[in-house]
Amino acid sequence: MEIGDMHMSNEHQEQLRSASESGDPLSVSLLQISTSPKSPKSPKSPRSPKVHQGRQGLSKGSPLKNDRHSHSKIDGRPKKGGSGGKGTWGGLLDMDDGYLDRNDPNYSSTEEKERLVAGRKSSAEFDEYKRKATVIVEEYFATDDVVSASNEVRELGMPSYNFYFVKKLVSMAMDRDDKEKEMAAVLLSALYADVIDPPQVHKGFSKLVESADDLIVDIPDTVDVLALFLARAVVDDILPPAFLKKTVESLSKDSKGVDVIRRAEKGYLAAPLHAEIIERRWGGSKNKTVEDVKGRISTLLTEYVVSGDKKEACRCIKDLKVPYFHHEIVKRAIIMAMEKKQAEDRLLDLLKTAADVCLINSSQITKGFSRIIDTVDDLSLDIPNAKGTLQSLISKAASEGWLCASSLKSLSLQPEKRPLEDTVAKDFKIKAQSIIQEYFLSGDISEVVRCLESENSTFSAHLNAIFVKKLISLAMDRKNREKEMASVLLSSFCFPADHVVNGFIMLIEFADDTALDNPVVVEDLAMFLARAVVDEVMAPSHLEDIGSQCLGPDSVGNKVLQMAQSLLKARLSGERILRCWGGVGSCRNGWAIEDVKDKIGKLLEEFESGGDIREACRCIKELGMPFFHHEVVKKSLVRIIEKKDDRLWGLLKHCINTGLITMNQMTKGFGRVAESLDDLALDVPDAEKQFADYVERAKMEGWLELSVEFNRPALADENGFRS
């Protein structure tokens with residue numbers, strides 16, 4: 001056939017058809033069809049009858065469909081290196097700038113065949129890579145062998161396609177459990193730079209963000225999960241923070257990828273203590289608990305002091321992969337230098353080198369020194385002249401330029417004169433810790449009460465607050481069993497509410513420091529606060545008193561209060577918080593809410609028959625569910641309205657005067673009755689009028705706030721439980 005023939009040969013048609021069928025939808029078209037402004041325009045060519053067979057026809061990349069050359073002066077080729085627009089995948093495997101024009105004098109059918117064969121070969125290689133990558137990911141999820149997976153990716157020998165492995169690994173993990181998500185993050189961190197080059201990692205994540213609209217069809221929570229993968233990659237230092245801004249600029253405004261970037265930036269990376277939270281979102285890195293990291297830090301510093309191998313020490317610090325926890329390295333190194341004078345120069349030299357190569361940033365160095373300054377008084381018990389030694393180390397570090405001394409707290413070298421009170425408090429802390437530890441082993445509440453009375457015979461408010469602080473602090477470092485035991489013990493004491501409040505204020509004041517060792521302090525402390533309110537250990541209004549002691553809106557303490565208030569506002573919060581750690585608090589095992597309601601009804605019937613107020617109050621107290629006392633109020637008030645008998649009114653009066661039922665529970669109880677007035681009016685026509693009279697009477701007797709109003713729909717959302 002002649003070169004100028006307008007019809008394609010059967011051989012060429014067959015080749016193109018085969019290429020179209022074998023092309024992967026995630027890869028590019030095998031041939032990039034474009035019209036060059038420099039090449040002569042070709043006349044219209046009739047379409048082959050085979051083109052129109054079937055309803056779908058050929059893809060946009062087929063020269064048989066787009067066989068007309070553009071008459072526009074604008075180059076019709078895709079921009080940015082050949083990449084196509086929305087819905088296309090051009091540019092990944094382009095073999096040339098365009099196809100050969102048969103009307104070109106330099107046209108060679110042999111060259112066209114070679115290019116077609118090369119395109120097929122590239123596509124076949126990519127298909128093979130994708131198949132093997134999928135197998136590697138599946139095997140890795142089954143075996144959890146990072147080393148084996150790394151070796152297999154390296155053995156593929158196609159580094160230019162590694163972006164696809166990144167995309168495949170993350171997309172497969174997104175549709176699985178937290179275990180696989182954590183495994184994917186760990187593997188990416190292990191492959192970064194050593195096996196997969198940074199540009200390939202960046203490209204893989206770019207492809208993931210671009211395909212968010214497709215992923216969300218099969219994975220409804222794509223936005224949140226992919227945002228967390230991006231945030232984790234930033235925390236693990238395999239993506240620079242600038243990647244997010246650069247990527248969002250290349251996306252269309254209505255793309256789900258924009259939502260992913262925004263969620264990563266504002267939902268995860270902008271949160272306080274975000275690094276620790278993100279690191280542990282899927283269960284935490286394997287073998288990387290706080291205690292384990294601390295142990296590894298101590299080991300590497302000890303080995304460094306013995307060997308002096310600074311390069312190996314820096315490698316160990318890098319291998320920890322906890323840049324947000326480097327302040328612990330600084331703290332332990334300085335304390336070791338204070339304890340071992342002969343190791344001082346070597347340890348300072350390590351910190352200086354780590355700072356110079358940006359292995360430990362200035363913020364972590366400052367935080368490490370600040371933590372030592374906060375505990376220097378305790379260090380003075382074991383290290384003679386601890387303050388003077390620390391001041392000397394600070395001066396050396398500042399003179400060498402790797403510490404900004406002006407950002408540290410002032411360190412007074414004058415020994416503090418401890419008043420007698422502080423000495424007593426210190427001794428009490430030691431004894432309180434021993435009492436609490438024994439309680440966690442035995443669970444004997446009566447023994448704790450006896451020991452506490454003997455140690456604090458004067459019932460000092462300060463010592464009671466110290467005990468509350470120590471109890472919750474020790475429980476937060478332990479499992480749910482101990483947390484539940486701590487809440488039960490706290491509700492068993494007869495501490496005045498202000499003593500408990502002072503204990504929580506002390507916990508709030510030190511929350512920022514506690515967060516350095518306990519990344520989930522916000523969640524734990526907020527739950528203890530909410531539980532104390534539910535157990536009626538303190539009133540909801542006390543949260544405002546605690547809030548006034550917070551250091552600022554961005555402090556950890558403020559976050560704790562916000563979370564506690566949010567937990568208490570949730571529907572059915574009482575029952576949920578009571579069982580927050582898997583226990584049932586002071587409630588008897590096996591008591592369901594319906595059982596409690598039944599017991600309340602029976603005790604009220606017995607009181608109406610016998611009239612023994614003391615016995616009725618004892619039964620109410622033995623229920624052990626102070627957060628549910630509004631049910632006592634409700635059932636009593638309904639009986640009063642139905643029977644017009646003031647005997648139960650006397651019981652309510654005694655309960656509120658003795659503090660057995662709080663004003664908050666009284667208000668909830670009246671609100672519950674207000675909700676059921678429509679049903680109650682079916683049996684008692686004047687129920688609404690009676691209820692209004694009793695509300696006014698309760699206000700006059702001081703049971704209710706004068707300003708309270710019972711809006712039925714509003715109160716329906718505030719009640720802890722429904723009948």
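Arg176 is partly exposed in this predicted model, at 30% relative accessibility. Its salt-bridge partner is Glu138, and the closest N and O atoms of the two are 2.9 Å apart.

Lys352 is partly exposed, with a relative accessible area of 26%. Another salt bridge brings together the side chains of Glu482 and Arg481, at 3.1 Å from N to O. Glu482 counts as buried, at 11% relative accessibility. Arg481 is partly exposed, at 45%. Elsewhere, shared partners link salt bridges into one network made up of Glu605, Glu608, Arg639 and Lys643.

The chain as a whole is helical in its secondary structure: 36 helices were assigned, and zero strands. Of its 723 residues, 46% are buried. Among contacts with a separation of 6 or more, 76% are between residues 24 or more positions apart. The accessible surface comes to about 37600 Å². Carbon and sulfur atoms account for 50% of that surface.

Helix 16 spans residues 362–374, 13 residues in total. From its first C-alpha to its last, helix 16 reaches 18 Å, close to the 18 Å expected at 1.5 Å a residue. Asn361 caps the N-terminal end of this helix. A side-chain oxygen of Asn361 lies 3.2 Å from the backbone nitrogen of Ser363. The buried residues of helix 16 are Gln364, Ile365, Thr366, Gly368, Phe369, Ser370, Arg371, Ile372 and Ile373. These buried residues pack against several other helices. The partners are helix 14 (326–339), helix 15 (344–356), helix 17 (376–379), helix 18 (386–399) and helix 24 (511–517).

Helix 21 covers residues 461–476 and has 16 residues. Its end C-alpha atoms are 23 Å apart, which agrees with the 22 Å that its residues should span at 1.5 Å each. Buried positions in helix 21 include Leu463, Ile466, Phe467, Leu471 and Met476. Asn464 is also buried in this helix.

Loop residues were examined next. Ile238 lies in the loop between helix 8 (222–235) and helix 9 (242–249). Ile238 counts as buried because its relative accessibility is 3%, below the 20% cut-off. Ile238 and Tyr192 are 46 residues apart in sequence, yet their C-alpha atoms are 6.6 Å apart in space. Leaving aside neighbours within four places in sequence, Ile238 is in contact with Leu188, Ser189, Tyr192, Val201, His202, Phe205 and Ala233.

Most residues other than glycine have a negative phi. Ala193, not a glycine, has a positive phi of about 75 degrees. Ala193 is placed in the loop between helix 5 and helix 6 (198–210). Its relative accessible area is 43%, so Ala193 is partly exposed. Cys358 likewise has a positive phi, near 65 degrees. Cys358 lies in the loop between helix 15 and helix 16. At 66% relative accessibility, Cys358 counts as exposed.

Cysteine pairing was searched across the whole structure, and zero disulfides were found. Cys617 is in no disulfide, and the nearest cysteine sulfur, that of Cys655, is 4.0 Å away. That separation is too far for a bond, because a disulfide requires sulfur atoms within 2.5 Å. Both cysteines of this pair are buried: Cys617 has a relative accessible area of 11%, and Cys655 has 0%.

Terms used. Residues numbered from 1 in each chain as written. Predicted model: local features only at pLDDT ≥ 70, side-chain atom pairs only at ≥ 80, totals over all residues. Heavy atoms only, no water. Helix = DSSP H or I, 4+ residues; strand = E, 2+ residues; numbered from the N terminus. Expected span 1.5 Å × (residues − 1). Buried < 20%, exposed > 50% of the residue type's maximum accessible area, 1.4 Å probe, protein only. Contact = heavy atoms within 4.5 Å. Polar contact = N/O pair within 3.5 Å; in protein donor to acceptor, adjacent residues only side chain to side chain. Salt bridge = Lys/Arg side-chain N within 4 Å of Asp/Glu carboxyl O. Areas by Shrake-Rupley, 256 points an atom, 1.4 Å probe, with all protein chains shown as cover.
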